[in-house]
Amino acid sequence: FALPAIGGFLAVLGLLTHARAQTADVSAASKPRVRILAVAAPPLTDERLPEGGVVLALVRASFSRVGTGAAPESIVKWTGERLTPQLLKDSSIDLSLPVESADCDRPNNLTQSSAALCDSAVFSEPLLQVVLGLFTSSNSTFKFDTDQSIFGKSICLSRDHDLSALNGDGRNWASYKRVTVVRRATLLDCIAAVQANDADTFVATDLEGIHLLRRLGLTQYFTLLPRPLATSSIHAVVSRDHARGPDLIATLNDGLKKLKEGDAYASIVQRHLIAATSAPAAASGALTQRKEPPSTVTAAAPQATA
């Protein structure tokens, strides 16, 4: 009699184990998920930084502050490409970041890609405030003490950087040709342009510019001018065609608001910026200059990007 009883017990135990496994699978499948496309933009986002960088950490922490249930699981896909409407509409992506603020009310100052994002994306509340600065050679005599002091100077902008800081707030520096805008493909190329005296200064956020110069070992050769050029903000975006887009942005904004109510927000920012600055710098040395002729732009309209 013992053998059939043991067999029956094992059968029941097997059914219970199978049922529990099925329940766990259903629970995992029903857990909320946010599929994030992260564009590599150190030190804001970088696959090699803790938690993927400060912006990604802020987004995850914001989602964790919303609701009484489990926080959404973040599934991150990394790309080195600039964010385009085509990438934004990828059905496998829910949320994309980081995106710098765009003055959508003045499209003439925007690059082609920024103007397209204004039409196709919904922006979150600012995740992070950043300062746009002017970087010059350390031996340059250029001082940005007043707006007028920049007149006649050549300013390098990467192709994905718009003209809002130069034309906004009534400045109209580029549109009235008070400055010469030198376009280069990347920020790295702008650094090379200033080194080659093809431009007097280049524009970048203080975080990005200092980080890149440090990684290149060029901090001693460049100076960030004390007076800021402008301020900007960093956002996450969703496609206007995404069925859950408005809900995702509302949830993120709500969580971000709660995150800022205590000390958690400042703690995350401080911790990650310290981690970014502690990354090892490359060996010092001059950049290899490109041989193509410089491309200057003095028109107000933004240049089309490839």
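Q: What is a disulfide, and which residues does one join in this chain?
A: A disulfide is a pair of cysteine sulfur atoms within 2.5 Å. In this predicted model, Cys-104 and Cys-118 are joined in this way, with an S to S distance of 2.0 Å. By this rule the chain has two disulfides.

Q: What is the handedness of the link between Cys-104 and Cys-118?
A: The torsion about the S-S bond is the value to read. For Cys-104 and Cys-118 it is about -80°, so the disulfide is left-handed.

Q: Which cysteines form a disulfide with sulfur atoms 2.1 Å apart?
A: Cys-156 and Cys-190 do. Their link has -80° about the S-S bond and is left-handed. The pair links distant parts of the chain, with Cys-156 in strand 6 and Cys-190 in helix 6 (residues 187-195), 34 residues apart. Cys-156 is buried, at 0% relative accessibility, and Cys-190 is buried with a relative accessible area of 0%. With bonded cysteines counted along the chain, the disulfides follow the pattern 1-2, 3-4.

Q: How many aromatic pairs does a search of the whole structure find?
A: A pair of aromatic rings is described by the distance of the centres and the angle of the planes. The search of the whole structure finds three such pairs. In one of them, the rings of Phe-135 and Phe-202 have centres 4.9 Å apart and planes at 5°; planes under 30 degrees apart count as stacked, so this pair is stacked.

Q: Which strands hold Phe-135 and Phe-202?
A: Phe-135 is in strand 5 (residues 128-137) and Phe-202 in strand 8 (residues 201-205), so the pair ties together parts that are 67 residues apart in sequence. Phe-135 is buried, at 1% relative accessible area, and Phe-202 also counts as buried, at 1%. Ring pairs link Phe-135, Phe-202 and Phe-222 into a cluster.

Q: What is the arrangement of the rings of Phe-144 and Trp-173?
A: The pair is edge-to-face, with 6.2 Å from centre to centre and 90° between the planes. Phe-144 lies in the loop between strand 5 and strand 6 (154-158), and Trp-173 in the loop between helix 5 (164-167) and strand 7 (180-184), so the pair ties together parts that are 29 residues apart in sequence. Phe-144 is buried, at 2% relative accessibility, and Trp-173 is buried, at 1%.

Q: Which charged end sits over the ring of Phe-144?
A: That of Arg-227 does, 4.4 Å from the ring centre. In another case, the charged end of Lys-260 sits over the ring of Tyr-265, 5.1 Å from its centre.

Q: Which strands pair with strand 5 in the antiparallel sense, and over how many bridges?
A: In a regular strand the side chains alternate between the two faces of the sheet. Strand 5 pairs in the antiparallel sense with strand 10 (residues 230-239) over five bridges, and Val-131 stands opposite Thr-231 there. Strand 5 pairs with strand 8, again antiparallel, over four bridges, where the bridge partner of Leu-134 is Val-203. With strand 9 (residues 222-224), strand 5 has an antiparallel pairing over three bridges, and Thr-136 has Thr-223 as its bridge partner.

Q: How many of the residues of strand 5 are buried?
A: Eight of its ten residues are buried, and strand 5 is mostly covered.

Q: How many salt bridges does a search of the whole structure find?
A: The search finds eleven. Among them is the pair of Asp-94 and Arg-35, with the closest N and O atoms 2.9 Å apart. Asp-94 lies in the loop between helix 3 (85-88) and strand 3, and Arg-35 in strand 1 (residues 33-39), 59 residues apart. Asp-94 is buried, at 2% relative accessible area, whereas Arg-35 is partly exposed, at 31%.

Q: Where do Glu-51 and Arg-271 lie?
A: These two form a salt bridge, with the closest N and O atoms 3.5 Å apart. Glu-51 lies in the loop between strand 1 and helix 2 (54-64) and Arg-271 in helix 9 (residues 264-277), so the pair ties together parts that are 220 residues apart in sequence. Glu-51 is partly exposed, at 40% relative accessibility, and Arg-271 is partly exposed, at 42%.

Methods. Residues are numbered from 1 along each chain as its sequence is written. This is a predicted model: local features need pLDDT of at least 70, side-chain atom pairs count only at pLDDT 80 or more; totals for chains, interfaces and linings use all residues. Side-chain values use heavy atoms; hydrogens and water are left out. Rings of Phe, Tyr and Trp (its six-membered ring) pair if their centres lie within 6.5 Å; planes under 30 degrees apart count as stacked, over 60 as edge-to-face and the rest as tilted. Helices (H or I, at least four residues) and strands (E, at least two) are DSSP runs, numbered from the N terminus. Buried means under 20% relative accessible area, exposed over 50%, partly exposed in between (1.4 Å probe, protein chains only). A charge sits over a ring if NZ of Lys or CZ of Arg is within 6 Å of the ring centre and within 35 degrees of the ring normal. Two strands pair if DSSP finds at least two bridges between them. A salt bridge is a side-chain nitrogen of Lys or Arg within 4 Å of a carboxyl oxygen of Asp or Glu.
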